[in-house]
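Subject: Handover of a structure and notes on its features

Dear colleague,

Please find the structure below, followed by an account of what was found in it.

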Amino acid sequence: MANHKSSLKRIRQDRKRALHNKYYAKTMRNAVRDLRALENHEEAVKQFPKVQKMLDKLAKKHIIHKNKAANLKAGLMKHINKLS
């Protein structure tokens, strides 16, 4: 166990941040899954900017890696282009 006040505080902060990051990462995964499940091209094109914005924000805040965001966006664009 931690011996210093500062390390106890760090543990509390880390738990809180991990919970916050986990929520946003799960929300992002659900949005990507919902977009991949769409079969209609028009709906997918309409929903893509929202998911793209979410991925960019999470990458900017270092919740996910910027390359992961880029790979997800590229894969989603491939999926949308296949639908047309």
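Patches consist of residues with over 30% relative accessible area and no salt bridge, in which like charges are joined within 9 Å and nonpolar side chains (Val, Leu, Ile, Met, Phe, Trp, Tyr) within 5 Å. Accessible areas were computed by the Shrake-Rupley method with a 1.4 Å probe, and for residues only the protein chains shown count as cover.

Please note that this is a predicted model, in which local features need pLDDT of at least 70 and side-chain atom pairs count only at pLDDT 80 or more, whereas totals for chains, interfaces and linings use all residues. Residues are numbered from 1 along each chain as its sequence is written, and side-chain values use heavy atoms, with hydrogens and water left out.

R12 counts as exposed because its relative accessibility is 53%, the classes being buried (under 20%), exposed (over 50%) and partly exposed (in between), with a 1.4 Å probe and protein chains only.

A nonpolar surface patch is formed by M1, L8 and I11, which together have about 310 Å² of accessible area. L8 also belongs to helix α1 and, at 32% relative accessibility, counts as partly exposed.

Helix α1 spans residues 5-37 and includes A31, which is buried because its relative accessibility is 13%. Leaving aside residues up to four places away in sequence, A31 is in contact with Q47, V51 and M54, contact meaning heavy atoms within 4.5 Å. The C-alpha atoms of A31 and V51 are 6.4 Å apart, although 20 residues separate the two along the chain.

The structure contains 1 salt bridge, defined as a side-chain nitrogen of Lys or Arg within 4 Å of a carboxyl oxygen of Asp or Glu. It joins the side chains of K73 and D56 at 2.6 Å, N to O. K73 is in helix α3 (residues 66-83) and D56 in helix α2 (residues 41-60), 17 residues apart.

Finally, H62 is in the loop between α2 and α3. Its phi is near 65°, a positive value in a residue other than glycine.

Yours sincerely

How values were computed
Helix = DSSP H or I, 4+ residues; strand = E, 2+ residues; numbered from the N terminus.
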